[in-house]
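User: I'd like to learn how to read salt bridges and strand pairing in a model like this. Can you walk me through it?

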Amino acid sequence: MSDTHASGTTAATDALRARLDEAFPALLDELKALVAIPSISSDPDHRADVDASAEHLRQRFEALGMSARVLSEDAPDGTAGMPAVVARGPRVEGAPTVLLYAHHDVQPTGDVSRWSLSPFEAEVRGDRIYGRGASDDGAGVVVHLGCMALLGERPPVNVVVYVEGEEEIGSPSFTAFLDAHRDELAADVIVVADSSNWKAGEPAVTSTLRGNAIATVDVTVADHAVHSGAFGGPLLDSVVVSSMLISSLFDADGSVAVEGLGGCDDADVVWDEADFRAAAGVVDGVRLAGTGDLAARVWTKPSITVIGFDARSVRDASNTISPHTRFRLSLRTVPGADPDEALDKLAAHLRAHAPFGARVEVEKNDGGNGFQADMDSPVSSLLHECLTEAWGTPSVNIGVGGSIPFIADFQRIFPGAQVVVTGVEDPLTNAHSEDESQSIPDLKNAILAEALLLTRLPLL
């Protein structure tokens with residue numbers, strides 16, 4: 001029986017907290033060191049930095065008493081894979097195996113003039129640390145490093161750490177990597193540390209992720225451009241027709257009008273509209289679209305966004321009717337939906353709603369599966385327990401509107417594993433944008449929560 005104090009914590013938890021207090025300054029320095037490596041996987045000029053980041057982490061995990069290697073596999077199309085780090089702790093007979101996932105590559109900086117600091121020089125301001133990758137996913141990496149540091153050289157479970165090097169470019173060699181190292185990565189529980197908390201100071205387990213499906217649409221009204229005065233009126237230009245076609249994708253409320261995409265109106269938490277508007281930078285006077293709970297509109301209902309549109313620029317404007325327009329759509333699919341089937345429904349809608357009989361051609365591009373967690377599993381319940389104890393605040397279920405398609409690959413290749421998704425981001429993180437930052441208290445709590453989880457898994 002555990003030695004539980006009046007506070008609800010145990011003596012074992014208190015010992016982990018004390019160890020974390022001692023180790024945390026060095027772990028924060030480790031995050032600063034990771035930020036200093038510009039491991040931008042999308043930029044070939046930074047390939048050496050991605051390599052350096054992987055080697056740096058290999059050494060860090062080895063220093064914790066783990067065997068660690070830098071590995072890579074080519075993508076199915078022959079593209080060279082980015083380096084990943086695989087580290088393994090000592091063998092614990094009879095104990096479950098846990099795979100801890102994070103990624104060490106980062107997004108480009110974008111316009112550096114929009115940053116208030118140098119992106120690759122970490123800076124602490126108050127209770128947050130700023131820099132590219134400070135949260136996405138340097139913090140996730142440090143959670144795993146910190147957890148292993150707390151557990152020491154004899155953790156209570158078998159631990160495999162997998163730190164990927166190409167998540168920010170869509171993990172093109174991910175399935176090839178899992179197939180090549182299936183035996184080495186096989187686990188009973190997979191912990192993905194690349195998601196978010198509900199708010200800073202309020203922990204969460206990710207229950208759902210939307211999928212993503214991309215399509216390119218070509219709209220043609222004539223075989224060549226003609227004078228807008230000589231032919232305008234009876235013949236609408238392709239930009240106007242494309243705009244009409246895009247408009248058909250939404251109803252009067254702004255909800256997606258494509259039939260058969262599914263969705264749920266209810267969420268487990270209340271997302272305050274003022275908080276949403278502030279985080280998204282919505283300008284005054286713009287009304288929010290859709291129906292149902294605000295959180296559900298982002299997490300469990302479909303959305304469609306125009307992410308590219310080819311049209312003549314204002315600078316090059318001329319009095320001609322545009323014969324052809326191309327645009328690209330991003331369809332965020334509801335958790336559990338097949339992105340391929342969703343793309344078929346989108347394509348059917350576009351063809352059926354071609355304004356004035358315009359020729360509409362739809363090319364299906366990329367697709368990524370969403371995620372529906374088993375929130376009734378013992379591991380999910382235990383994770384909630386550990387998060388609540390670490391933060392001293394009840395943990396909640398949240399969805400995420402974005403996609404992490406590789407989680408579906410984990411589920412497919414390791415069907416017997418229980419996958420749980422958590423993380424250390426929050427609405428103020430600004431991941432992928434300027435002045436990315438990480439809550440320092442949340443980072444510390446996340447390390448403790450993961451150590452508690454691994455300590456208690458053998459008791460399930």
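**Salt bridges and a covered strand**

Analyst: Start with a pair of residues, aspartate 426 and arginine 128, which are both buried. Keep in mind that this is a predicted model. Their side chains meet in a salt bridge, at 3.1 Å from N to O. Aspartate 426 sits in the loop between β17 and β18, while arginine 128 belongs to strand β5, 298 residues apart.

User: How many salt bridges are there by this rule?

Analyst: The rule is a Lys or Arg side-chain nitrogen within 4 Å of an Asp or Glu carboxyl oxygen, and the count comes to 24. Another one joins aspartate 218 and arginine 326 at 2.9 Å. Aspartate 218 is in strand β9 and arginine 326 in strand β13, so this pair ties together parts 108 residues apart in sequence.

User: Is aspartate 218 buried or exposed?

Analyst: Buried means under 20% relative accessible area; aspartate 218 has 11%, so it's buried. Arginine 326, at 35%, is partly exposed.

User: Where do aspartate 409 and arginine 412 lie?

Analyst: Both are in helix α12, three residues apart, or about one turn of the helix. Aspartate 409 is buried at 18%, whereas arginine 412 is exposed at 51%.

User: Which strands pair with β8, and in what sense?

Analyst: β8 pairs with β16 in the parallel sense over five bridges, and with β15 in the antiparallel sense over two. Leucine 209 stands opposite valine 400 in β16 and phenylalanine 371 in β15. As for cover, six of the six residues in β8 are buried.

Terms used: Residues are numbered from 1 along each chain as its sequence is written. This is a predicted model: local features need pLDDT of at least 70, side-chain atom pairs count only at pLDDT 80 or more; totals for chains, interfaces and linings use all residues. Side-chain values use heavy atoms; hydrogens and water are left out. Buried means under 20% relative accessible area, exposed over 50%, partly exposed in between (1.4 Å probe, protein chains only). Helices (H or I, at least four residues) and strands (E, at least two) are DSSP runs, numbered from the N terminus. Two strands pair if DSSP finds at least two bridges between them.
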